Amino acid sequence: MPADRWKLFCCNQSRMSVNEERTVTVQDILEDEELQEAYAVLAGSDPDNCSYPQGYVKRQAVFACNTCTPRGVEPAGLCLACTNHCHDGHDIFELYTKRNFRCDCGNSKFGVFRCQLSPGKDRQNAKNHYNHNFHGCYCTCDRPYPDTEDQVNEDMIQCIICEDWYHPRHLGCTVEDSEELQEMVCETCMNKAPFLWTYSTHIAEPPVVKVSPCKREVEVNKEEDKEPEDKSDEPCKNGGEGSSTSPSCQEKNEATNGRTACKRTHQEMTGIPVKSQDKTVYCRLRELKTQGLERAREGAVFWPYHWRATLCTCVSCKRAYVDAGVQFLLDESDTVLAYENRGTVEQGPASLDSLLMSSLSTLDRVQQLEIVYQFNEMQTELMTFLRQIADEGKVVTAEAIHQFFGELMSRKRRQMNS
């Protein structure tokens, strides 16, 4: 498990009243939701073998190394295995998961550094997509996470199209707290694929209102509703009554004389029947547009579970998905949830428990108790540290937490050396 994720897990274990003390057991560790979530992300990726030989993987856990590719140089991404083996001890950014990504470890972006697991790599992975996440910055505010200068403690949300992470307060909308709303598309990506606004009107939140026709449309409709006046008995103008000099009167006279004023069709002239036109292809997007509903095109949009299955798959719409670069929306296995479920199925439903328990089972009883003791000791020291900050009326910052763990590791090294 990456160090930052483990620190987050340890901090969550210590979220209790400063006056409350309790002992943490192995079962407490196994049942922790943060640890379960971290494992769900990592379980779908191979921790031992570089993913590069697999090509552009549909979805995998991706990391960036701030030690090897700091801000100011080309961004690069690492697979889980290379993060563990080639960049152990480096300053790592955990980027969650990325789609259609190929590991960069050891290519030309790393200079003389070579991958230990798969050294024979191309100089570049041209199809990889990068953003400022690879340099540790997120959201429209382009800030790091955790941000020591940000006093608002809130979880970030990932856009499923650009895969950037956003603070809820910067999404330009009310964030819906619902288990049914599974995916989010930021406003920028909504505008890059504007047809999604039509779907959001009918599928996503908030509800929409009926569109009132504009004044001009109302006036046109009123004119169309009037019954046309019968002017067949009116005399032709410019030529006097009975005059046949005007075109309209000539057409009337020709019709009266039994001759048609219309040109004959190709079918009439040749006698060859014209092939019947193909039936109109059903398009759900076109149907939704005719329903006269609309929503303001601003702010991020939250989508319910299985919303992708409602997208139209006609040829015209598929072409629009490709043009907008969002053809992956038709693939429900592209979702993060599908990725996590796939990792759980492959590893087994109790794989996290099995993994940790199997590791503990290789130790004797004394060593098992030593691990639990060390964990409880760490928690006690952390609680003392947090209580001190609370007594001083200060705010717990990410920098303070990093300092605590740095000092803790230094003490452990001195104990081991002695």
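This report describes the fold, cores, cysteines and salt bridges of a predicted model.

## Basis of the model

The model is predicted, so local features need pLDDT of at least 70 and side-chain atom pairs count only at pLDDT 80 or more, while totals for chains, interfaces and linings use all residues. Residues are numbered from 1 along each chain as its sequence is written, and side-chain values use heavy atoms, with hydrogens and water left out.

## Overall fold

The protein chain has 15 helices and ten strands. These elements are DSSP runs numbered from the N terminus (helices H or I, at least four residues; strands E, at least two). Of the 418 residues in the chain, 36% are buried. Buried means under 20% relative accessible area, exposed over 50%, and partly exposed in between, with a 1.4 Å probe and protein chains only.

Among contacts (heavy atoms within 4.5 Å) between residues at least 6 apart in sequence, 71% join residues at least 24 apart.

Phe63 stands opposite Glu94 in E2. Eight of the ten residues of E2 are buried.

His87 sits in the loop between helix H4 (80-85) and strand E2 (92-101). His87 is buried, at 1% relative accessible area. Not counting residues up to four places away in sequence, His87 touches Cys65, Cys68, Leu78, Cys82, Ile92, Cys105, Phe110 and Phe113.

## Nonpolar cores

A nonpolar core is a set of buried Ala, Val, Leu, Ile, Met, Phe, Trp, Tyr and Cys residues joined through side-chain atoms within 4.5 Å. The largest has 64 residues, of which Ile161, Leu196, Tyr199 and Trp303 touch the most other members. Leaving aside neighbours within four places in sequence, Leu196 contacts Ile161, Met190, Trp303, Trp307, Leu311 and Leu329. A second, separate core has twelve residues, including Met378, Met383, Ala400 and Ile401.

## Cysteines

The whole structure contains zero disulfides, a disulfide being a pair of cysteine sulfur atoms within 2.5 Å. For Cys137, the nearest cysteine sulfur is that of Cys141, 8.8 Å away. For Cys317, the nearest is that of Cys314, at 3.6 Å. Cys137 is buried at 5% relative accessibility, and Cys317 is buried at 5%.

## Salt bridges

There are twelve salt bridges, each defined as a side-chain nitrogen of Lys or Arg within 4 Å of a carboxyl oxygen of Asp or Glu. Arg59, Arg99, Glu163, Glu183, Arg308 and Asp334 are linked in a network of them. Elsewhere in the list, Glu149 and Arg143 meet at 3.3 Å, N to O; Glu149 is exposed at 62% and Arg143 partly exposed at 29%.

Arg169 forms a salt bridge with Asp150 (2.6 Å, N to O). Arg169 lies in the loop between strand E6 (165-166) and strand E7 (181-185), and Asp150 in the loop between strand E4 (143-144) and strand E5 (157-158), 19 residues apart. Arg169 also meets Glu154 (2.1 Å, N to O). Glu154 is in the loop between E4 and E5, so this pair ties together parts 15 residues apart in sequence. Arg169 is partly exposed at 38%, Asp150 is partly exposed at 22%, and Glu154 is buried at 17%.

Note on methods:
Two strands pair if DSSP finds at least two bridges between them.
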